[in-house]
Amino acid sequence: MFLNHFAYFAPKTPGEALDLASRLGNKAKILAGGTDLLIMMKEKMIKPEYLIDINDVQEFKGISYEPGKGAVIGAATKISEIEHSDLIREKYFALHKAAGELGSVQVRSMATIGGNSCHASPAAETPPPLVALGAKVVISSVSGDRELPLEEFILGNRVTALAEGELLTKFVLPEPAPGSVSRYAYIGLRDAMEIDAVNMAVNLTLEDDKRTVKDLRLVMGSVSPRPLVSVEVPGILVGREFNNELVEKAAVAASGEAKPISDIRASAEYRREVVAVLARRLLQEAFGAASTKEV
Amino acid sequence: MKQLIELNINGRIYEVPVDPRDLLVDVIRKKVGLTGTKKGCGQGDCGACTVLIDGKPVLSCITLAIACQGKKITTIEGLVAEDGSLHPIQQSFVDHGAVQCGFCTPGMILTTKALLDRNPRPSKEEIKRGIAGNICRCTGYKKIVEAIGAAAETMSAEGVK
């Protein structure tokens, strides 16, 4: 399989990268991990005239954390770095789990967290946990930076809020609420190197009594063109004492909110069923962890 | 538009003319002449094209050669010792019947090297997870997993890297 002919740039600084993006606009594609880009080019789905390889820009990579403030993850950070980060595992467990499920070990050492969101496949692994954890993205251009909640950045199937000349440069994760717990699960045809039929992330905070739900976010992936933030599940559980009856109600509600399609991976009916199963499982898992967690 | 680039493969510098669109797997196989690295699916799914870049396993069929300058590339040929003796992982694959047609083997062994570098004593589950990106159509994986477990023990015992 041959790629089209293109000109290749490898900027060394953010300024160089943004300048190139500004000058070349939509004639250029960004090369980060390339695990989606090169496949699309091989299949002749896209034929960019220019590739801007951002892997040499150190400022676009890395995980930093400030207690009380939260974490900042460079968009070009490899998924494997996120998977193996102690900080991410301790503070943002759902993201750690999702990163570890993406692709295969080879794909994880190439792919980037920014690419996963920018490619905006509805089945992407990292967006639901990121949204559940309250992530914002920083979008940069030669004119400056702007910030958006991730759920407002991913607009639909392969569609993001990136304007011509803009680059996604950072993810900003808030400090997790004390005692909060996040969890992630997925269903797929295989255990690795597959596209999720349904995935889901939950972020749960309990009151000091360790029974009443203080805050809850449930985000579903692969059952809608973009990450679906549940409105009904928090409505059912927040401010109430966690119990199995409410979990059942929430699972059914989540299932109703999902807008799955039937495709090669699963039927809509199956996906709807699985949403309820995952919601039940994740809520129970999160509650179990949160109620025993030392703040 | 070809440009001359330097690629560090198995510790040796190769000067090769490449077009930006040339894939690493093709440059390794056809320009450098190291055909141990195999082309399977050509779309990053099967793992046959796996090489190590700075110790990390990557899929060379979806990697641009021009993007690999200044990096240390290891192909399967790089695991053989100076005197021609096999790396313990390779020897273990041979000893345990983990090679049938051999097509997945180079990628499988390099993925194994990366796994054992990171986790010298992997459990069976960790081994399976570690090679999940390498498809084998022949063996059913059982002997491969056994070979890797045995290699891990040998390497730990001998302090080999």
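**Helix packing and the A–B interface**

In chain B, helix 2 and helix 5 cross in a right-handed sense; a crossing is right-handed if the near helix is turned clockwise from the far one by less than a right angle, and left-handed if anticlockwise. Helices (H or I, at least four residues) and strands (E, at least two) are DSSP runs, numbered from the N terminus. The model is predicted, so local features need pLDDT of at least 70 and side-chain atom pairs count only at pLDDT 80 or more, while totals for chains, interfaces and linings use all residues. Residues are numbered from 1 along each chain as its sequence is written, chains are lettered from A and ligands numbered from 1 in the order in which they are written, and side-chain values use heavy atoms, with hydrogens and water left out.

The predictor assigns the complex an ipTM of 0.96 and a pTM of 0.96. Chain B has an average pLDDT of 96, with 99% of its residues scoring at least 70; pLDDT is the predictor's confidence in each residue, from 0 to 100.

Two packed helices are described by the angle between their axes and the distance between the axes. For helix 2 (residues 88-95) and helix 5 of chain B, the axes come within 8 Å and cross at roughly 135°. Helix 2 of chain B is therefore oblique to helix 5 of chain B. Axes here are lines fitted to C-alpha atoms, for helices over the stretch in contact, and angles run from 0 to 180 degrees between N-to-C directions. Angles under 35 degrees count as roughly parallel, over 145 as roughly antiparallel, 65 to 115 as roughly perpendicular and the rest as oblique.

On the helix 2 side of chain B, Pro88(B), Ile89(B), Ser92(B) and Phe93(B) meet residues of helix 5 of chain B, including Ile144(B), Ala147(B) and Met155(B); contact means heavy atoms within 4.5 Å. This contact of helix 2 with helix 5 of chain B has nine nonpolar, one polar and no charged residues. Ala, Val, Leu, Ile, Met, Phe, Trp, Tyr, Cys and Pro count as nonpolar, Asp, Glu, Lys and Arg as charged, and the others, Gly among them, as polar.

Helix 5 (residues 142-158) of chain B also packs on helix 3 (residues 105-118) of chain B, with axes that come within 11 Å and cross at roughly 45°. Helix 3 of chain B is therefore oblique to helix 5 of chain B.

Between the chains, 28 residues of chain B are in contact with 29 residues of chain A. The area buried between chain B and chain A is about 2,300 Å², 60% of which comes from carbon and sulfur atoms; buried area is the accessible area (1.4 Å probe) that two parts lose on being put together, summed over both. In chain B, Arg21(B), Ile62(B) and Arg129(B) lose the most area to chain A, together 28% of what that side buries.
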